[in-house]
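The sequence and the model come first, and my notes follow.

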Amino acid sequence: MKGIILRDIRKSYGRGSQILHGIDMTIEPGEFIVIVGPSGCGKSTLLRLIAGLETCTEGEIIIDGRRANDLPPQDRDIAMIFQNYALYPHMTVRENIAFGLELRGMPRRERHERAEAVARTLQLDPYLDRKPGALSGGQRQRVAMGRAMARNTSTFLMDEPLSNLDNALRVAMRTEIKQLHRQLGATIIYVTHDQTEALSLADRVAVFKDGKLLQFDTPEAIYDRPSNQFVAGFLGAPAMNFVAGDHLEGLMQGRDIIAGFRPEALSAHREQPAEFSWPARALLSEMTGADAILHCETPVGRLSLSIARKDLPSDPDNFWVGYAPEDALLFDAHTGNAIWPGQ
Ligand SMILES: Nc1ncnc2c1ncn2[C@@H]1O[C@H](COP(=O)(O)OP(=O)(O)OP(=O)(O)O)[C@@H](O)[C@H]1O
């Protein structure tokens, strides 16, 4: 079977410092997987295990149907792209892209032809004779990807490849990486701590925390049906609003729950709506374009609303925040696990 299967992967560095606690994932060929989670949760460690740069303490890594635990990195048909590009400053773009091919003994002419073909795909052909110092951050990033692509591998591992770029470039490169993925049909496993990157790039998102995989699903499922309160709060910007269950009317009673409302699920009103609302006072409104993010203070705590600018309250010191109980996602206050209707 093609693809990558991780079975009960555990990793510890010496005694008492377990970094990964039994990770199970099946990655289909051609999938774009994004691994997301807070700093230190083990994302890079998992990538390094798949690449073969580290060995796992327990568990199995199956690549294209073959147990790969003992395969050296060069025999895994995998290319890794790091955030600090690792380009050679004294080499041209052509030589940088062709570099890995030389190590594999490909003749010079063929190497350069291959580098030029890859450069065309990445729209780097005007820069083939330049050195990295004369390129923008985004162009350098593309050269690093070009080097990985030149090797014709079926799987790319990317560790925060956009984190050194400024915001505008990051957004542009996101689109490029997505297009490239369509073009190459390769499997991509991409690590980031940026939830926007995760939701916008991935076919499936893997959310990690403290060395555990909390949820592995499509961006839509992760957003709409998070499996627990951490996942709900980590993905989505602004973050989900959490309200203690005993403050809520119209929701199930008799169980300790936390209700989560996405910022777009709340509304602002000049007059008190007939039901389900809290009085509010604005703290800050951020213009994001046609919409605005309204941060406000209410008796149930601070809330963030994402609303059309035209719906911003005319009196920021005196308005109402409305909610519909059916829009709340419910979490067990003790375990943090999601509670779905009927449970
Ligand atoms: N060689 C090592 N020896 C001991 N501990 C290590 C080693 N490499 C990583 N760690 C620890 O493993 C944990 C996970 O590190 P990892 O780099 O996988 O996290 P990450 O999720 O990628 O974080 P970040 O987003 O900050 O890069 C960290 O606590 C780190 O200190």
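Which helix gives the most residues to the shell around the ligand? I found that helix H1, residues 43–51, gives the most, with 3 residues. Before going further I noted that this is a predicted model, in which local features need pLDDT of at least 70, side-chain atom pairs count only at pLDDT 80 or more, and totals for chains, interfaces and linings use all residues. I also noted that residues are numbered from 1 along each chain as its sequence is written.

**Ligand shell.** I listed the residues around the ligand as Tyr13, Ile19, Gly37, Ser39, Gly40, Cys41, Gly42, Lys43, Ser44, Thr45 and His193, where a residue counts as near if its C-beta atom, placed from the backbone, lies within 6 Å of the molecule. By class I read 3 nonpolar, 7 polar and 1 charged residues in this shell; Ala, Val, Leu, Ile, Met, Phe, Trp, Tyr, Cys and Pro count as nonpolar, Asp, Glu, Lys and Arg as charged, and the others, Gly among them, as polar.

**Helix H1.** I then asked how much of H1 is covered, and found that 7 of its 9 residues are buried, namely Lys43, Ser44, Thr45, Leu46, Leu47, Leu49 and Ile50. A residue is buried if 20 or more other C-beta atoms, placed from the backbone, lie within 10 Å of its own. After H1 comes Gly52, whose phi is positive, near 90°.

**Whole protein.** I counted 8 helices and 19 strands in the secondary structure, which are DSSP runs numbered from the N terminus (helices are H or I of at least four residues, strands are E of at least two). The C-alpha trace spans about 75 × 45 × 35 Å along its principal axes, and buried residues make up 36% of the 343 residues.

**H2 and H3.** At what angle do helix H2 and helix H3 pack? I read that H2 (residues 93–103) and H3 (residues 108–121) pack at about 120°, with their axes 9 Å apart; axes are lines fitted to C-alpha atoms over the stretch in contact, and angles run from 0 to 180 degrees between N-to-C directions. That makes H2 oblique to H3, since angles under 35 degrees count as roughly parallel, over 145 as roughly antiparallel, 65 to 115 as roughly perpendicular and the rest as oblique. By class, this contact has 7 nonpolar, 1 polar and 5 charged residues. Contact here requires C-beta atoms, placed from the backbone, within 7 Å. The buried residues of H2 are Val93, Arg94, Asn96, Ile97, Ala98 and Leu101, and they pack against H3 and H4. Just after H2, Gly105 takes a positive phi of about 80°.

**H4 and H5.** I next followed helix H4 (residues 137–150) to helix H5 (residues 167–184), whose axes come within 10 Å and cross at roughly 35°. Gly137, Gly138 and Gln141 in H4 meet Leu169, Ala172 and Met173 in H5, and the residues of this contact divide into 3 nonpolar, 3 polar and no charged.

**Arg142.** Not counting residues up to four places away in sequence, Arg142 touches Leu122 and Leu124.

Technical notes
Contact = placed C-beta atoms within 7 Å. Buried ≥ 20, exposed ≤ 12 C-beta atoms within 10 Å, placed from the backbone.
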